[in-house]
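Subject: The structure for you to look at

Hi,

Here is the structure I promised to pass on. Could you open it next to this message and read along?

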Amino acid sequence: MKINIIGKTLVSASLLTALTVVGCKDSFLEVAPNGQLTSVLLTSKAGLEGTLMGAYSMLNGRGFTRLASSTNWVYGSILGGEANKGTESGDYGAINPIQRFETIASAGDVEGTWNGKYEGISRANAVIRLVTQADASVTAADKARILAEAKFLRAHYYFELKRLFNYAPYIDETVDYGTGIEKVKNDTDLWPKIEADLKAAMDALPEVQIAAGRANKWAAAAYLAKTYLYQKKYAEAKALFDQVIANGKTANGKKYGLVAKYAEVFNAANDNNEESVFAIQAAANTGSVNNANPEFDLNFPYGGAAAPGGCCGFFQPSFELVNSFRTDANGLPLLDGSYNTGNNVVKNDFGLLSKDAFTPDAGNLDPRLDHSVGRRGIPYLDYGPFPGNDWIRSQSYAGPYSTKKFVYYKSQEGTLTDGSSWTRGYAAMNYNVIRYADVLLMAAEAEIEVGSLTKALEYINAVRNRAANQDGWVKLDGKPAAKYVISPYSAFADKDAARKALRFERKLELSGEGHRFFDLVRWGVAEKEINAYLSYEGRLLTIALGGAKFTPGKSEYLPIPQTQIDRQGKDVLKQNPGY
């Protein structure tokens with residue numbers, strides 16, 4: 001600090017007195033530098049909210065890798081057999097070994113995923129520390145809410161780490177990030193820590209939030225129930241799901257429910273609807289494309305200006321997934337696995353050019369197929385019939401299908417999309433980390449395991465009945481675009497039958513939403529299901545998946561990033577088995 005008392009500058013007697021009094025103290029020279037955030041700013045209401053928004057912003061993993069996003073389109077859906085990487089072999093080739101279960105500990109995307117989750121944790125911890133220093137203008141209610149939201153987010157990021165890496169260092173707000181993180185071992189059971197944060201969040205969060213997108217009491221309750229389900233604590237999970245189903249409301253106060261039409265779950269114009277329990281918020285034309293959903297910017301048909309996004313053909317649904325939507329004469333799925341055999345295989349245009357004649361499949365299909373997958377001859381949102389090969393980058397590498405759920409409508413171009421960057425594919429469509437249909441199916445699973453097959457039947461059929469709403473089916477010339485046949489289950493003979501129906505229903509309802517791989521692992525059936533998928537798909541897509549194999553005892557989790565082990569030491573971080 002410099003004070004000029006020479007020349008024409010006048011200094012009052014009182015200031016001179018003050019200078020005399022404090023001039024000999026070093027503290028007088030300690031002035032906060034301009035342009036830096038100080039604790040005074042950060043502990044204000046605006047500072048706390050801004051820091052909290054930083055913790056929310058890491059939900060999409062931006063700044064690390066597209067694979068760090070909580071959408072888990074690679075780790076949940078591609079590894080779960082719902083889709084392959086898509087595009088061609090040379091584009092984003094780092095995903096190639098991941099989808100083949102051949103990833104290595106030095107993979108950049110693996111470390112980027114790890115770092116992205118810990119960045120989210122770091123930001124949540126910063127909020128928790130700052131709340132204790134909040135200035136007098138911050139009300140007790142605001143402090144409690146902000147603290148609860150931060151704990152909710154911290155629980156989410158640790159939940160992600162648990163599913164992806166199994167064991168990861170637990171770092172809370174008491175750890176000095178400058179030194180402590182280097183000394184934290186990955187030998188802590190994360191589940192109790194996650195539970196504690198979600199319980200605290202559930203108890204303190206309001207039922208209705210101050211803005212859409214913020215976690216509320218019911219989002220925390222649903223997430224805690226999900227955490228119980230992953231640990232097979234079925235009675236505890238059921239009790240919470242009962243509360244959520246009976247009383248739950250969205251962050252902006254709507255009673256939870258299923259939207260009438262399945263497609264409206266994936267329409268940006270209908271974001272934050274009654275089915276949204278907790279969602280990553282997206283917005284377009286805000287001045288930064290990062291406020292859209294940038295993790296999906298590659299996942300559009302490869303069709304140039306005529307296609308949505310204009311690039312890049314990633315995340316192509318698998319043959320196996322499409323075949324799974326075959327239904328029998330009674331409108332029920334083929335739970336015996338025969339959907340991949342004979343006439344049950346859904347007819348496709350694999351190997352055909354768009355100019356070649358093709359007639360779509362004429363057999364019974366679940367109507368959710370054509371809301372989830374772009375296939376030849378079927379309307380693709382409001383773009384007209386999907387043209388097939390002209391919108392596929394390499395059929396021989398990735399197959400004939402295109403993703404559809406998280407694609408914007410043609411009529412939304414420029415309003416609910418942001419074209420200010422390299423692609424038009426930055427869309428303002430939220431991603432639901434948990435949606436109500438997911439809650440109903442998780443609740444059904446808990447009911448099955450505690451022995452209430454009747455209640456499980458009710459929940460599963462609620463989801464199926466919504467899909468059966470003909471007003472929501474894809475139409476072509478005013479008529480259903482395919483032979484859609486779907487019905488509810490009449491009864492479950494026993495627990496095994498109910499489990500089989502529930503697990504298949506999650507596959508159909510939630511396809512492409514990042515859940516499948518984690519479901520297969522927690523159910524203990526990943527080896528059987530994924531190797532069957534890789535065997536079937538590998539015969540069709542030999543370059544991408546031929547010879548790929550899931551290795552039990554290894555492939556359930558990603559490797560701990562080698563750079564982290566090298567930096568911290570093998571005595572601190574233990575590598576996962578098989579890597």
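Below is what was found in it, topic by topic.

Before anything else, please keep in mind that this is a predicted model.

**The cysteine pair**

Let me start with Cys 311 and Cys 312, which form a disulfide with their sulfur atoms 1.5 Å apart. The cut-off for a disulfide is a pair of cysteine sulfur atoms within 2.5 Å, and by this rule the count comes to one disulfide. The torsion about the S-S bond of Cys 311 and Cys 312 is about 90 degrees, so this disulfide is right-handed. The backbone deserves a look here too: the peptide bond from Cys 311 to Cys 312 is cis, with omega near 10 degrees.

Are the two cysteines buried or exposed? Buried means under 20% relative accessible area. Cys 311 has 14% relative accessibility and therefore counts as buried, and Cys 312, at 5%, counts as buried as well. If you want to find the spot by secondary structure, Cys 312 lies in the loop between β2 (276–280) and β3 (314–317).

**Asn 299**

Asn 299 also has its place in the loop between β2 and β3. With a relative accessibility of 2%, Asn 299 counts as buried. Which residues is Asn 299 in contact with, leaving aside its neighbours within four places in sequence? They are Trp 73, Phe 314, Phe 315, Thr 403 and Val 407.

**Two residues with positive phi**

Asn 72 is not a glycine, yet it has a positive phi of about 55 degrees. You will find Asn 72 in the loop between α3 (45–57) and α4 (73–78). Its relative accessible area is 2%, so Asn 72 is buried.

Tyr 92 is not a glycine either, and its phi is positive at about 50 degrees. Tyr 92 sits in the loop between β1 (83–86) and α5 (95–99).

Two packed helices are described by the angle between their axes and the distance between the axes, so I give both for each pair.

Take helix α14 (residues 436–450) and helix α16 (residues 495–509): their axes come within 10 Å and cross at roughly 165 degrees. Angles over 145 degrees count as roughly antiparallel, and α14 and α16 are therefore roughly antiparallel to each other. α14 passes α16 in a left-handed crossing. On the α14 side, the residues that meet α16 include Leu 441, Ala 444, Glu 445 and Ile 448. On the α16 side, Ala 498, Arg 499, Leu 502 and Arg 506 are among them. The residues of this contact of α14 with α16 divide into seven nonpolar, no polar and eight charged.

How does α14 lie against helix α10 (residues 234–247), and at what angle? The axes of α10 and α14 come within 9 Å and cross at roughly 140 degrees. α10 and α14 are therefore oblique to each other, and their crossing is left-handed. Residues making the contact include Tyr 234, Phe 241, Val 244 and Ile 245 of α10, along with Tyr 436, Leu 440, Ala 443 and Val 450 of α14. By class, the contact of α10 with α14 has 13 nonpolar, no polar and four charged residues.

**Helices α3 and α6**

α3 and helix α6 (residues 108–131) pack at an angle of about 160 degrees, with their axes 8 Å apart. α3 and α6 are therefore roughly antiparallel to each other, and the crossing of α3 and α6 is left-handed. Among the residues of this contact are Leu 48, Leu 52 and Ala 55 of α3, and Gly 120, Arg 123 and Val 127 of α6. The contact of α3 with α6 has eight nonpolar, four polar and one charged residues by class.

α6 also holds Val 110. Val 110 counts as buried because its relative accessibility is 0%. Not counting residues up to four places away in sequence, Val 110 touches Tyr 75, Thr 103, Ile 104, Phe 165, Pro 559 and Pro 561. Val 110 and Thr 65 are 45 residues apart in sequence, with 8.8 Å between them in space, C-alpha to C-alpha.

Note on methods: Residues are numbered from 1 along each chain as its sequence is written. This is a predicted model: local features need pLDDT of at least 70, side-chain atom pairs count only at pLDDT 80 or more; totals for chains, interfaces and linings use all residues. Side-chain values use heavy atoms; hydrogens and water are left out. Buried means under 20% relative accessible area, exposed over 50%, partly exposed in between (1.4 Å probe, protein chains only). Axes are lines fitted to C-alpha atoms, for helices over the stretch in contact, and angles run from 0 to 180 degrees between N-to-C directions. Helices (H or I, at least four residues) and strands (E, at least two) are DSSP runs, numbered from the N terminus. Angles under 35 degrees count as roughly parallel, over 145 as roughly antiparallel, 65 to 115 as roughly perpendicular and the rest as oblique. A crossing is left-handed if the near helix is turned anticlockwise from the far one by less than a right angle, and right-handed if clockwise. Contact means heavy atoms within 4.5 Å. Ala, Val, Leu, Ile, Met, Phe, Trp, Tyr, Cys and Pro count as nonpolar, Asp, Glu, Lys and Arg as charged, and the others, Gly among them, as polar.
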